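Keep the sequence and the 3D view side by side as you read.

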Amino acid sequence: MVYDLIIIGGGPAGVTAGIYSARQRIKALLLTKSFGGQMVHKAVEIENYPGFEKISSIELIDRFEKHLRSKDIEIKNEKVVGLDKKEFFEVVTDEGKTFRSRAVIVATGAEPKRLNIKGEKEFLGKGLSYCPTCDGPLFSKKRVVIIGGGEAGFETALFLRKYASAVTILERGEKVFASQEIQERAKKEGINIITGATVKEIKGKDFVEEVLYNDESIAAEGVFVQIGHAPDASFAKNLVDVNDKGEIIVDPETYETRTKGLFATGDINNGRMKQIVIACGEGARAALFAYNHLIKNYELDSIN
Amino acid sequence: MKKVRLFSTPICPYCLTLKRFLEENGVEVESIDVSQDEEAQKEMVEKTKQATVPVLDIDGQFVVGFDRKKICEILGIED
């Protein structure tokens, strides 16, 4: 079986592309391990998505997923690990399956950046987490450290303050880069901020016990890494060009990559503004141009 | 029918995705909010040796995260 279109990713861009594709009555498949993309890690409410003055990330994700599932599109919870093109595009998943299609939209967004220090892998799930909205509530009355003093780091700190007995932010730079407003709130909430702190190692026995930075140590049961997100387009490397940030280079009008019929939309492409609503818009646009590509190049059974 | 318990936290999106996946496949699930239920949280951490959600308990077999392949195998969900 050959799909008309395969969409890879379940964040704002992928979901919107899915909704638009379903409306074109093409045979489409959306592959994603989970829904929401980076919204998953957002520990505070979203206040800039039209129609909602304030909405929690889980509620918006839930609405996105329900909207998508109400449409005629196939969805599989599998992670894509390979993409190539022979007669058709061939999309390989982590379960070893291959799906074929006439067009592909890559909407895999960006993944949390890793520290790449000793103890990070070892203690993942054992006190160290990249997902405060998931694991934060498990640290009730415990001490937590947030690595990264940007906006997301402060948001995470304020979220964890509801549970943890002590919250410390470690920032590598000499000053933090979060907004004044959130810094003031953090101060009021008694969040401890240490700048100029380069984290060297996460230590413990079965679970995290301390974080080593510079020549010092801080005791903690929980560590949340919030040092930004980075795209990973390595699975598509045979078919796309990337810039120095690893973002897929696209035509700014159509979001088509250097390979005809292959589109990249949302935070995975080299567009400079990364916002939920922008990713949605890009997803819609990519779906419409993918449809144009299909009707120009193929006689589709599903298109009358 | 296997007894399935889902250990989760209130705003954990991965937990929701897993819950929806199970429901779509007709699996009956008992959801436990481990941020409210300390006993359950203790049990989950002891059994998995981890402090992360979601966790599934399928008739005593614990699965950490949304490990779709493993969950399908244990529950006999056809792909």
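The model is predicted.

Strand S6(A), residues 98–106, runs parallel to S1(A) and is joined to it by six bridges. To find this pairing, look at Tyr3(A), which stands opposite Ser101(A) of S6(A). Strand S2(A), residues 28–31, also pairs with S1(A) in the parallel sense, here over four bridges. Ile8(A) marks this pairing, with Leu31(A) in S2(A) as its bridge partner. Now follow the chain between these two strands. From S1(A) it passes through helix H1(A), residues 12–23, and on to S2(A). This β-α-β crossover is right-handed.

Next, step back to the domains of chain A. The domain assignment gives two entries: domain 1 covers 2–112 + 229–297, and domain 2 covers 128–225. Their C-alpha centres lie 32 Å apart. Where they touch, domain 1 of chain A gives seven residues and domain 2 of chain A gives ten. The domain 1 side of this contact has five nonpolar residues, two polar and no charged.

Turn to the contact between the chains. It takes 24 residues from chain A and 22 from chain B. On the chain A side, H2(A) and H3(A) are the elements that give two or more residues. H2(A) supplies the largest share, four residues. By class, this side of chain A has eight nonpolar, ten polar and six charged residues.

Now cross to chain B and find helix H1(B), residues 13–24. Its twelve residues reach 16 Å from the first C-alpha to the last, close to the 16 Å expected at 1.5 Å a residue. Which residues of H1(B) are buried? They are Pro13(B), Tyr14(B), Cys15(B), Leu16(B), Thr17(B), Leu18(B) and Leu22(B). What do the buried residues of H1(B) pack against? Two of the elements belong to chain A: helix H2(A), 57–69, and helix H3(A), 132–135. The other is strand S1(B), 4–8, of chain B. After the helix comes Gly26(B), with a positive phi near 70 degrees.

How values were computed
Residues numbered from 1 in each chain as written. Chains lettered and ligands numbered in written order. Predicted model: local features only at pLDDT ≥ 70, side-chain atom pairs only at ≥ 80, totals over all residues. Expected span 1.5 Å × (residues − 1). Buried ≥ 20, exposed ≤ 12 C-beta atoms within 10 Å, placed from the backbone. Nonpolar A, V, L, I, M, F, W, Y, C, P; charged D, E, K, R; others polar. Pairing = 2+ DSSP bridges. Right-handed = clockwise from strand over helix to strand, strands pointing away. Domains from an automatic or database assignment.
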